[in-house]
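Trainee: Before we discuss this protein, could you put the sequence and the model up so that we can go through them together?

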Amino acid sequence: MACAQIDLGEVPDFWKRRHLLTLEELTAEEITLILDKASIFRQAIAEGQRKFSLLVGKTCVNLFFENSTRTRNSFALAARRLGADMLDFSASTSSLSKGETLIDTAKNIEAMGVDAVIIRHSTPGTPKLLSENLRCSVINAGDGPHEHPTQGLLDILTVRQRFGRIEGLTVALVGDIAHSRTARSNIWGLKKLGAHVIVCGPSTLVSPRWRELGVETSYSLDDILPRVDVLNLLRIQFERQSRRPFPSVREYALLYAMDRQRLARTKPHILILAPGPINRGVEVTPDVADGPQSAILDQVTNGVAVRMAVLWLLLGNR
Ligand code: CP
């Protein structure tokens, strides 16, 4: 397939990043730059352009120590669409099982000529640790409950696409706030771009301390429904909990599942997001997840464009 031409415009002098570890550390200008480049890739993909020779000769590796459908595959697709080689690392069949440390493993992979390590790990701070020990770029693809910056970026891009702006919007993150890296990245990104953010869920999953990040807290989805522009429905992360934070999943769904009755009480332009995977019937009913207000699959499409923008800005621009 012939490679398409694409005009990505200038990269301002303020962009000097080698790694993408968190949205906490990015400025509003840096976040907007990534979103702007992702929008150009998104438009090109929508026009049927699939292959660009922007990262020919570069090599990326997916180092995933947790399962993934969306992030792992969209990073692989993004790298290949930019012309880079993609090395797929399997933690379960690697020499980690023989006692090799994570840093040694990563250094050995880097020594094969890798330009970017895309890491997902259950321990917060693992991407930062690698960035301090490797010469190549490191991208955080989710570190425990800490951050998932490209998920935050693709969520924000989806909101910006629908509303044309972030400033002045009210965005509610609903569900398992305590264990959600997506919540943290969304909060940092949305707040920097001027949104009002509400975190909503059972009190066992929404500590009042979240207010220290400048967000509103709520324990009642029904109370906040009429004043939100965007609902981002987060999965209950049972795998990160030592004890169930509510009596039963049925009771959680009664209070927090987004269903048709609740949808009728929202603004007409409400945008429904979910980072996925979704548990149908727990945080959202199937008719709402698949309905016209839902942008859940648009988020996935935007995920490829965001990851193309991130890879290009980190690797293609040196
Ligand atoms: N949203 C998200 O990170 O999905 P995966 O776990 O499938 O990558």
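Mentor: Let me begin with a definition: helices (H or I, at least four residues) and strands (E, at least two) are DSSP runs, numbered from the N terminus. This is a predicted model, in which local features need pLDDT of at least 70, side-chain atom pairs count only at pLDDT 80 or more, and totals for chains, interfaces and linings use all residues. Residues are numbered from 1 along each chain as its sequence is written, and side-chain values use heavy atoms, with hydrogens and water left out.

Trainee: Which residue just after H6 takes a positive phi?

Mentor: Helix H6 covers residues 181-192, and its end C-alpha atoms are 17 Å apart, which agrees with the 16 Å that its 12 residues should span at 1.5 Å a residue; the expected span is 1.5 Å times one less than the number of residues. At the N-terminal end, Ser180 caps H6 through a side-chain oxygen that lies 3.3 Å from the backbone nitrogen of Thr182. Such a polar contact is a pair of N or O atoms within 3.5 Å; within protein, one must be able to donate a hydrogen and the other to accept it, and residues adjacent in sequence count only if both atoms are side-chain atoms. Just after H6, a positive phi of about 95° is taken by Gly194.

Trainee: How many residues of H5 are buried?

Mentor: Helix H5, residues 149-163, reaches 21 Å from its first C-alpha to its last, close to the 21 Å expected, and it is followed by Gly164, whose phi is positive, near 80°. Buried means under 20% relative accessible area, exposed over 50%, and partly exposed in between (1.4 Å probe, protein chains only). By that cut-off H5 is mostly covered, the buried count among its 15 residues being 13.

Trainee: What is the relative accessible area of Asn62?

Mentor: Asn62 is found in strand S1, residues 59-64, and a polar atom of its side chain lies 3.2 Å from the backbone oxygen of Arg72. Leaving aside neighbours within four places in sequence, Asn62 is in contact (heavy atoms within 4.5 Å) with residues including Arg72, Phe75, Met86 and Ile118. Asn62 counts as buried because its relative accessible area is 0%.

Trainee: How much of the accessible area of the ligand does the protein cover?

Mentor: The ligand is surrounded by Ser68, Thr69, Arg70, Thr71, Arg120, His148, Gln151, Pro275 and Gly276, each with a heavy atom within 4 Å of it. An oxygen atom of the ligand is 2.6 Å from an N or O atom in the side chain of Ser68, while a backbone N or O atom of Thr69 lies 2.7 Å from an oxygen atom of the ligand and one of Pro275 lies 2.9 Å from a nitrogen atom of the ligand. Of the 260 Å² of accessible area that the ligand has on its own, the protein covers 92%, areas coming from the Shrake-Rupley method with a 1.4 Å probe, where for residues only the protein chains shown count as cover.

Trainee: Is the peptide bond from Gly276 to Pro277 cis or trans, and which is it by its omega?

Mentor: Most peptide bonds are trans. Pro277 lies in the loop between strand S9 (271-273) and helix H10 (286-289). With omega near 0°, the bond from Gly276 to Pro277 is cis.

Trainee: Does Arg235 count as buried or exposed?

Mentor: The place of Arg235 is in the loop between strand S8 (230-233) and helix H8 (249-256). Leaving aside neighbours within four places in sequence, Arg235 is in contact with Asp176, Pro277, Asn279 and Glu283. Because its relative accessibility is 18%, Arg235 counts as buried.
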